[in-house]
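Biologist: I am new to this structure and would like to learn how to read its features one at a time. Could we look at it together?

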Amino acid sequence: MRKFLSALMLLAMIGCTPVAVEPEMAEVSGTALYLERIAAPPNARLEVVLEDISRADAPAVRLGEMIVENAGQPPYPFTIEYDPTAVDPRYSYRVAARLYDGDELLFVTDEVHQVITRGYPSTVTLRMRRVEKPLAHPLGTLPATFSGKLPYSPDMHVHLNLLADGAYFLRETRHEESYFDIGRYRLSSDGQHLALYGGREAPMRYAISTPDTLSMVDHFGLQKPDYSLSRQPTMQMLEPRVRMRGEYRYLAGAGRFRECLTGLDMPVAPEGDNRALEAAYLAEQEAPGEVVLVHVEGRIEQRMPMEGPGPVSTLVPERFGGVSAYGCPERARQADLENTYWRLTVMDASFVDPAPDQREPHLVFREDGRVAGSDGCNRVVGSYEADGTSIEFSQLAVTRMACLEGMAQAEQFRQALGEVDRYRILGQQLEMLGPGEQVRLQFRAVALE
């Protein structure tokens, strides 16, 4: 009897023991691709990850991934499983993709593709962009200081700092008064020109004559060798004092500020008008750690952080300007040669004005090697071949309609197309060059609705 009771007790204990049940998994899916007409190597490796990006001051937390060896050619379908209990509806999540050849990164997503929460879907298309050549190739070692006096204003001294992360600080001094500008710089597709995208209405542009010399470029794409900046032997720090707009957040007793133009994510010094900044944030935020867009006047100093190596860029808020109703503008992007509407703006160092009631001169390059557009009078169709920095047109044909105006300009445009042999893209501008590095044609990318 005792043995029978013991057996019953053992069975009861077994029956009461909780059994671990694995959670039902959820998934995000989609397609990763790139538009460049470049074949992926046979052994290309695709990596797609699902990450928690809610903590701006901490590394992203990975929730799942998919790795495909010998991925082949795009498009690449993907599916990533994740534990839905690890997802907080208040947080933000993204999917990102990278394509490798061995250890070399070939293509990467450069936009934030949010998923799952805050109304975002669980299916997404990821466009990857080709990884550009390291900046150290055309510009030498970075960060670096370039400076000089410009002949058109002998008392104007320019001090330009190019940082390794793509940001720049600029100071122009005249009559002991200084003007500061901050932003990001971008290289042209051929690595020979540099543009500064900051607070000015139009970007400043320089030709990289050598890794140690930057020569100004006018709006016709012509270099001005006498208007040059030279690399300095050592980095000379700047502390720009400017009006800024950016994303402010306050968490764990400390504020951080991501400035819109430069993208710099900086700690905020607890001085100046910092109390007004904190108070406005606490009144505006809806959830802890949430980002609030603000205006602030202040300076960017290099200071030692509370933890870790330094010094680091630090915002000193001198005057709080209020909460912003607008987010950060989209950063200047490099337009693609293909599938872009390119409007002709300059031809042989003269501005181009379309004739009234006629189509504007333009070109559209297709992925299949075809080109179509207008010379301002007649339609233009043909073929092109672009490889690296070289370009060649062939089999160009035009309709034969007479126009009241612009016939000479149209003929000049077609002739230039037959004589150019190189091209470069800098931001939203396309230039085509002929013999002797002469800029024959300039185009501007136009957004199509």
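Biologist: How do the residues of the lining of the second largest pocket divide into nonpolar, polar and charged?

Modeller: Please keep in mind that this is a predicted model. The lining of the second largest pocket divides into 14 nonpolar, eight polar and seven charged residues. The volume of this pocket is about 580 Å³, and of the 29 residues that line it, Ala202, Pro203, Arg205, Gln429 and Arg444 are the closest to its centre.

Biologist: Which strands each supply at least two residues of that lining?

Modeller: A lining can be read by asking which elements its residues belong to. Here the strands that each supply at least two residues are S13 (193-197), S14 (204-210), S15 (213-217), S22 (341-347), S29 (429-434) and S30 (438-446), and S13 gives the most, with three residues.

Biologist: What lies in the loop between S13 and S14, and what does that residue touch?

Modeller: Arg200 lies in that loop. With a relative accessible area of 30%, Arg200 counts as partly exposed, because the term covers values between 20% and 50%. Leaving aside residues up to four places away in sequence, Arg200 touches Leu170, Glu172, Tyr179 and Asp181. Arg200 and Gly183 are 17 residues apart in sequence, and their C-alpha atoms are 9.5 Å apart in space.

Biologist: How many cavities of 30 Å³ or more does a search of the whole structure find?

Modeller: A pocket is open, whereas a cavity is a space from which the probe cannot get out. The search finds one cavity of 30 Å³ or more, and the largest cavity has a volume of about 40 Å³. Its lining residues divide into five nonpolar, four polar and two charged, among them Pro354, Arg359, Asp375 and Cys377.

Biologist: Turning to the whole protein, why is it described as more spread out than a compact globule?

Modeller: One begins with the secondary structure, which comes to four helices and 30 strands. The protein is described as more spread out than a compact globule because its radius of gyration is 28 Å, well over the 22 Å that the globule rule gives for 449 residues. Along the principal axes, the C-alpha atoms fill a box of roughly 115 × 60 × 45 Å.

Biologist: What percentage of the 449 residues is buried?

Modeller: Buried residues make up 41% of the 449. The accessible surface comes to about 24,700 Å², and 52% of it belongs to carbon and sulfur atoms. Among contacts between residues at least 6 apart in sequence, 55% join residues at least 24 apart.

How values were computed. Residues numbered from 1 in each chain as written. Predicted model: local features only at pLDDT ≥ 70, side-chain atom pairs only at ≥ 80, totals over all residues. Heavy atoms only, no water. 1 Å grid on protein atoms, 1.4 Å probe; cavity = no way out; pocket = protein on both sides within 12 Å on 5 of 7 lines; lining within 4 Å. Points joined across faces, edges and corners; volume = space filled by probe spheres on them. Nonpolar A, V, L, I, M, F, W, Y, C, P; charged D, E, K, R; others polar. Rg over C-alpha atoms; globule rule 2.2 N^0.38 Å. Buried < 20%, exposed > 50% of the residue type's maximum accessible area, 1.4 Å probe, protein only. Contact = heavy atoms within 4.5 Å. Areas by Shrake-Rupley, 256 points an atom, 1.4 Å probe, with all protein chains shown as cover.
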